[in-house]
Amino acid sequence: MRASRYHLATLKENPVDAEIVSHQLMLRSGMIRRHAAGIYSWLPLGLRVLRKVEQIIREEMDRAGALELLMPSFQPAELWQESGRWDHFGPELLRLTDRHNREACIGPTHEEIVTDIFRREVNSYRQLPLNFYQIQTKFRDEIRPRFGVMRSREFIMKDAYSFDIDKDGMQASYDIMDQAYIAIFDRFGLDYRAVNADSGAIGGSTSQEFHVLADSGEDAIAFASEGDFAANIETVAALPPEIERAAPTKSMQAVDTPGMHSIDALARGLKVAPQQCLKTLIVEAEEDTLIALILRGDHELNTLKAERLEGVTSPLRMAQRDRIKQILGNDVGSIGPVGLGIKSYVDHSAALLSDFVCGANQDDKHLQNVNWGRDCEEPAVADLRNVVDGDPSPDGNGQLRILRGIEVGHIFQLGQKYSESMQSKVLDVQGKTVAPYMGCYGIGVTRVVAAAIEQNHDERGIIWPAALAPFMLVICPINYHKSESVKAAAENLYQQCVTQGLSVLLDDRALRPGVMFSDMDLIGIPHRIVLSDRGLGEQQFEYKGRRDQDAQELPLAELTALLARLGSEPCDSSH
């Protein structure tokens, strides 16, 4: 490809509305352009990367025995009503009505459609196992789309769905997909982890997420220092500390704390450590009342754990400030367990505190030196918090380390959730009708591109892994339009690359070298060859890898060996 005939729409400055690195660099390099909140076009450069992601996915899905199909984005409401998700999926489901007043939605996922296909097409165990997949546009009406394509409303996803006659078959299909995903992410060339996860709105039992590790990741992932334990922090049990609570040493006393409505402000004002303070969160209960969740000041509430507590609403709903004031008589910043008068759950770590600080249930007042059993009832103890660095691993192997990750893949064992609700049946070996066991397997294709950038960039721009780069090599001829010898050498090298099937970009634009190099660094092409009159006169060329600090002067005689080496790296054959 010649740069003069390609649409390279680079920007010098970061757009003001781009919050994270991938969003900034995708806009600056000319990969995407925004039309509305969470709605983007993929320009030619971005589409090349997107297609490389898709190709790797297709090859590994096909190798695993999955069959590609294409399902509609427009999905009839009655299918979602059959599964029970029409009223439960939430406002992210974009509902609409056609000219005949028939309700429908734009698909955020395709469990209902694929189950409908299956029940129309398959009637016997002899046709199983089956695994259908597609790479297709999805739509989720995010309340606050942000971070570019990382959390957009319209996105491209690979979703696959397996069907088996029994649980053992479902497990076998799940294991095949697990290995296929490992192969896919290995080929992407990204640093990633597979972790145990919660199934969320999709449903089912067993599930596993695939995260690309990056400091900007929205998800926290816990890894054991020894062994293989790894899980999304949402699902990790915080083991009860193996110590006894210390005896009280001081008498409880009330103190004025005007304006101290946060743990940090309270700890500073009273000169105590945050872990010696309690924070009391008030949530809605199922019977139109309130429940208190009490944690140590330095710990964070785990929403999934809280939702599983008896009496707590699911999904979890924090009580509104006015409702708290009406029922408890004071504001949210001064609530504590002493004489609270509503059902409470206390985290294991908080239950071990003695002589602690908590709200006095009076505005702008707190209590110091409070003790369980003496000043307030012994607590109903539960695991309420997110684990933190240094916590013991739930499997007993070492301590936990917390890293940030970007979820780009998720695989589920759905069981019979959809096949039973939608009356999808097949005949088993005994001739009885049974609902098949399903699995579903997703990869956020557009998200992979952004995650790759979040993990691989520097102050100059993107650093693509070789398998995802839009071009493997760029040829930068200095004075291409003025020097016949440079032009001839560049054209000869370009044709040699094309003949060898190398993905190559010839930058034949009339630009100064600095501007040309800046553009190519921004775009992130892995390898750069520079040709100049001086170099050719000395029988040399300049080579620089995108991750290299300095360029090298190499003999022209080594060009053929270099191209052969580049040809062995993972890339496509387009040019």
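Let's start where helix H1 (residues 21–28) meets helix H11 (residues 445–455): their axes come within 8 Å and cross at roughly 105°. Keep in mind that this is a predicted model. An angle from 65 to 115 degrees counts as roughly perpendicular, and H1 and H11 are therefore roughly perpendicular to each other.

Which residues make the contact? On the H1 side you'll find Val 21, Ser 22, Leu 25 and Met 26. H11 brings Val 449, Ala 450, Ile 453 and Glu 454. Sorted by class, the contact of H1 with H11 has six nonpolar residues, one polar and one charged.

## Aromatic pairs around Tyr 181

Now for the rings. The structure holds 11 aromatic pairs. One of them joins Tyr 181 and Phe 185, with ring centres 6.3 Å apart and planes at 55°, so this pair is tilted. Both residues belong to helix H5 (residues 167–188), where they sit four residues apart, about one turn of the helix. Are they buried or exposed? Tyr 181 has 0% relative accessibility, so it counts as buried. Phe 185 is also at 0% and counts as buried, since the cut-off for buried is under 20%.

Tyr 181 has another partner to look at: with Phe 210 it forms a tilted aromatic pair, 5.3 Å centre to centre and with 50° between the planes. Here the two residues come from separate elements, Tyr 181 from helix H5 and Phe 210 from strand E10 (residues 207–213), so the pair ties together parts that are 29 residues apart in sequence. Phe 210 counts as buried because its relative accessibility is 0%.

## Arginines over rings

The charged end of Arg 48 sits over the ring of Phe 471, at 4.0 Å from the ring's centre.

Conventions. Residues are numbered from 1 along each chain as its sequence is written. This is a predicted model: local features need pLDDT of at least 70, side-chain atom pairs count only at pLDDT 80 or more; totals for chains, interfaces and linings use all residues. Side-chain values use heavy atoms; hydrogens and water are left out. Rings of Phe, Tyr and Trp (its six-membered ring) pair if their centres lie within 6.5 Å; planes under 30 degrees apart count as stacked, over 60 as edge-to-face and the rest as tilted. Buried means under 20% relative accessible area, exposed over 50%, partly exposed in between (1.4 Å probe, protein chains only). A charge sits over a ring if NZ of Lys or CZ of Arg is within 6 Å of the ring centre and within 35 degrees of the ring normal. Axes are lines fitted to C-alpha atoms, for helices over the stretch in contact, and angles run from 0 to 180 degrees between N-to-C directions. Angles under 35 degrees count as roughly parallel, over 145 as roughly antiparallel, 65 to 115 as roughly perpendicular and the rest as oblique. Contact means heavy atoms within 4.5 Å. Ala, Val, Leu, Ile, Met, Phe, Trp, Tyr, Cys and Pro count as nonpolar, Asp, Glu, Lys and Arg as charged, and the others, Gly among them, as polar.
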